[in-house]
Amino acid sequence: MPGYSEFYFNVDHGYLEGLVRGFKAGILTSADYVNLAQCETLEDLKLHLQTTDYGNFLANETGPLTVSTIDEKLKTKLLTEFHYFRNHAFEPLATFLNFVTYSYMIDNVILLITGTLHQRPIAELVPKCHPLGSFEQMEAVSIASNPTELFNAILVDTPLGTPALRRGLAVPCSESQLELAVSSTAQSCLSLTKATLRHTPTSAWAHCTVESEKGQSRTAKMTSAAMCRQTRKSRLLFRVDRADERYGHNLQIPESSGLFISYLEAFYKFCEKQGGTTAEIMRPILEFEADRRAFVITINSFGTELSKDDREKLYPTCGKLYPEGLHLLANADDYEQVKCVAEYYAEYKAVFEGVGSGTGEKTLEDAFFEHEVKLNVLAFNNQFHFGVFYAYVKLKEQECRNIVWIAECISQRHRTKINNYIPIF
């Protein structure tokens, strides 16, 4: 009964919607971030977090507090809350929450594949995976010798092998299709823009020597996932500060290309099928996600061997850019041409106009995250829909990145960039 959800929504989903709105009230405010940024040590940070809804989530940590420990506990808390939602959800909310986890599963699979290609032990890679994307067969990824075997022997038995994703990927698919999905990871790792990286396979961390634009060499520690994902300035150059690992999630040539496109389009169709307020709220959110990927694919493909035809095949088709905007992006040759395409769309024009080119100015990465936060905050202005669950997870994920960013700056005594987080409220 699309359009009449308010009449029956609370029967099955009212309790969980009320719960998630209550959790949303506990998201850190701008005042909280100001207080966190004034902390001198990680112990001070811990004490302040105890005065928020995080409470004593670090109480059992007896040893010296580290940023990785904080990051792990933040994700664990979010995972606990999400599992509570999922375990008490009825259909179709249960399926909706499953869709939320699929993007993390895809990221985890590609992280394991990329790590395996770099001869990293699977035992060291698994802890680096996002807990929201964990599944039983995850560690078996390393046994696949080719893309076809990867899908038929492993992914087909995972949530990523659901009929919705298979239809989007046209399974059974050709080896070339899956090879494109897998190979783009290695390409995005190896095709670095204005930077040279030297990998050491001795641990799950890669020590990277990065040559900056001024010719100065600096050393950073980055995970294999972060190496694919860190960007800098509007040109999406690689950031080298370890604290810049806060944003290890979106800005890369999507290594999962085929699978992620299938996932995003299947999720979009599912939300449209629900109709009512759920479709109304999720439509702009998923359209933005699709368009952001298209912009990022285009910008990060400059200077690589990826052809314009292959680039266009990686674009999701459920965004506002489809079809004219995607065609223009496919034929773009530099960043300025991408910016010209964005000017045809009011919201993306505002995003690109807010980007600076100097040191310390807002990056395109930051502008995208700010716009995403706005969309997710707006989702809470309506009632009786599933979008609040998606929005809450994304806002909490942003909050985790903010806290880790501040913690890294405190840990490294690099306070000049400590305020470069994305406030939510």
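**Helix 5 and helix 18**

I began with a crossing: helix 5 and helix 18 cross in a right-handed way (left-handed if the near helix is turned anticlockwise from the far one by less than a right angle, right-handed if clockwise). I noted that this is a predicted model, where local features need pLDDT of at least 70 and side-chain atom pairs count only at pLDDT 80 or more, while totals for chains, interfaces and linings use all residues. Residues are numbered from 1 along each chain as its sequence is written, and side-chain values use heavy atoms, with hydrogens and water left out.

Who meets whom? Leu93, Phe96, Leu97, Val100, Ser103 and Tyr104 of helix 5 touch Gly387, Phe389, Tyr390, Val393, Lys394 and Glu397 of helix 18 (contact means heavy atoms within 4.5 Å).

**Lys394**

I stopped at Lys394, which belongs to helix 18. Is Lys394 buried or exposed? Lys394 is buried, with a relative accessible area of 10% (buried is under 20%, exposed over 50%, partly exposed in between, with a 1.4 Å probe and protein chains only). Apart from neighbours within four places in sequence, Lys394 contacts Ser103, Tyr104, Glu372 and Asn376.

**Helix 12 and helix 17**

Next I looked at helix 12 and helix 17, whose axes come within 10 Å and cross at roughly 170°. That makes helix 12 roughly antiparallel to helix 17. Glu372 and Asn376 of helix 17 turn up in this contact too, and the helix 12 side includes Phe288, Arg292 and Phe295.

**Helix 15**

In helix 15 (residues 335–342), I found Tyr335, Val338, Val341 and Ala342 buried. Seen down the helix axis, they fall within an arc of 115°, so they line one face of helix 15 (the arc is that of the directions from the axis to the C-beta atoms). Their cover includes helix 12, helix 14, helix 16 and helix 17.

**The whole chain**

Last, I stepped back: the protein chain has 18 helices and two strands (DSSP runs numbered from the N terminus, helices being H or I with at least four residues, strands E with at least two). Of its 425 residues, 55% are buried.

Conventions
Axes fitted to C-alpha atoms, helices over the stretch in contact; angles between N-to-C directions. Parallel < 35°, antiparallel > 145°, perpendicular 65-115°, else oblique.
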